[in-house]
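Colleague: I am new to this structure. Can we go through it in questions and answers?

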Amino acid sequence: MMTDQMNIKYATISKTGRRNNNEDTFHVVDMLGNKRFMGIVCDGMGGHSMGEVASETISNAIVDYWKKHTDETDNEKKVDDACKVARRELDSKACELSHCEMGTTMVMASIEGNKVTIAHVGDSRCYLQRPGENLIYQTEDHIRIDFGWEIVARCFFSYRPDKAVPDVVQYELQAGDRLLLCSDGLYKSMAPNTLLSRMMDDKSLEEILNVYDFLCDKQGDDNYTAILIEITE
């Protein structure tokens, strides 16, 4: 069991890949002075306009909410309240852009003491692994199959608050745990066992992301973004 005096390391990557522009957005909020840390990844929806605007709007709104509510304990209601604010911000931005239809996925992990709160909407993912054990947790994609195509069933989308319903879980962390937040462009560029085995390699976080970068550049066809987090003693 970890104490409140935990330490956190992290590394990040976000690249355009073979697309024309990067519609992913990520933020890291390091508030360890308050024993808090938060990372978030949003992936703008392909097939719709302004994906990069949607992802940035939702990411900024949730980060701003988290910064303003450091006195509140992390829980499902706090996530829901942050998402409500973010939905309003997206609708407001859509109105500014001639009622643009735009959307984004979201995955976040907020660490408070030795507890992590993980929330997601869509098919961006969070993985939680522990040394010497199997995968502790992986988010379940909100997708459905229509005529052989993957359709994101839940997301932040302008004027559709019913679609932005987050799944929220909490876990107690231990020294050595690693969390990976990523857009689908990263995990779809490699086999699942490759992603998970590389995630726990005895290497620096930067070296691990360099391997992911190589695989995404070689095998991927989308933007790819990741935040890799390690809990240390």
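Modeller: Start with a term. A pocket is an open set of grid points with protein on both sides within 12 Å along at least five of seven lines. Keep in mind that this is a predicted model.

Colleague: What volume does the largest pocket have?
Modeller: Its volume is the space filled by probe spheres set on the points. For the largest pocket that comes to about 610 Å³.

Colleague: Which residues lie nearest the centre of the largest pocket?
Modeller: The lining of the largest pocket counts 27 residues. Those nearest the centre are M45, G46, D123, V152 and D184.

Colleague: Which element gives the most to the lining of the largest pocket?
Modeller: Two elements give two or more residues to this lining: β10 (149-152) and α3 (184-187). One of them supplies three residues, the most of any element. That is β10.

Colleague: How many residues in the lining of the largest pocket are charged?
Modeller: Sort the lining by class. Five residues are nonpolar and 12 are polar. The charged ones number 10.

Colleague: Which strands are at the edges of the open sheet?
Modeller: Five strands form the sheet, in the order β1-β14-β13-β7-β8, with antiparallel pairing. An edge strand pairs on one side only. Here the edge strands are β1 (7-15) and β8 (135-138).

Colleague: By what angle are neighbouring strands of this sheet turned against each other on average?
Modeller: Direction is ignored for this value. The average turn is 15°.

Colleague: Which residue in β8 stands opposite L128?
Modeller: Strand β7 covers residues 125-129 and pairs with β8 in the antiparallel sense, over three bridges. In β8, the residue opposite L128 is Y137.

Colleague: What angle does helix α4 make with β7?
Modeller: Helix α4 (residues 192-199) packs on the sheet. It touches β7, β8, β13 (178-182) and β14 (224-232). Its direction and that of β7 make about 50°.

Colleague: And which strands does helix α5 touch?
Modeller: Helix α5 spans residues 205-219 and also packs on the sheet. Its direction makes about 20° with that of β1. The strands touched are β1, β13 and β14.

Colleague: Is T25 buried or exposed?
Modeller: T25 sits in strand β2 (residues 24-31). Buried means under 20% relative accessible area. T25 has 13%, so T25 is buried.

Colleague: Which residues does T25 touch?
Modeller: Leave out residues up to four places away in sequence. The contacts of T25 are then I40, V41, C42, E52, S55, E56 and S59.

Colleague: How far apart in space are T25 and D221?
Modeller: In sequence, 196 residues separate T25 and D221. From C-alpha to C-alpha, the distance is 17 Å.

Note on methods
Residues numbered from 1 in each chain as written. Predicted model: local features only at pLDDT ≥ 70, side-chain atom pairs only at ≥ 80, totals over all residues. Heavy atoms only, no water. 1 Å grid on protein atoms, 1.4 Å probe; cavity = no way out; pocket = protein on both sides within 12 Å on 5 of 7 lines; lining within 4 Å. Helix = DSSP H or I, 4+ residues; strand = E, 2+ residues; numbered from the N terminus. Nonpolar A, V, L, I, M, F, W, Y, C, P; charged D, E, K, R; others polar. Pairing = 2+ DSSP bridges. Axes fitted to C-alpha atoms, helices over the stretch in contact; angles between N-to-C directions. Contact = heavy atoms within 4.5 Å. Buried < 20%, exposed > 50% of the residue type's maximum accessible area, 1.4 Å probe, protein only.
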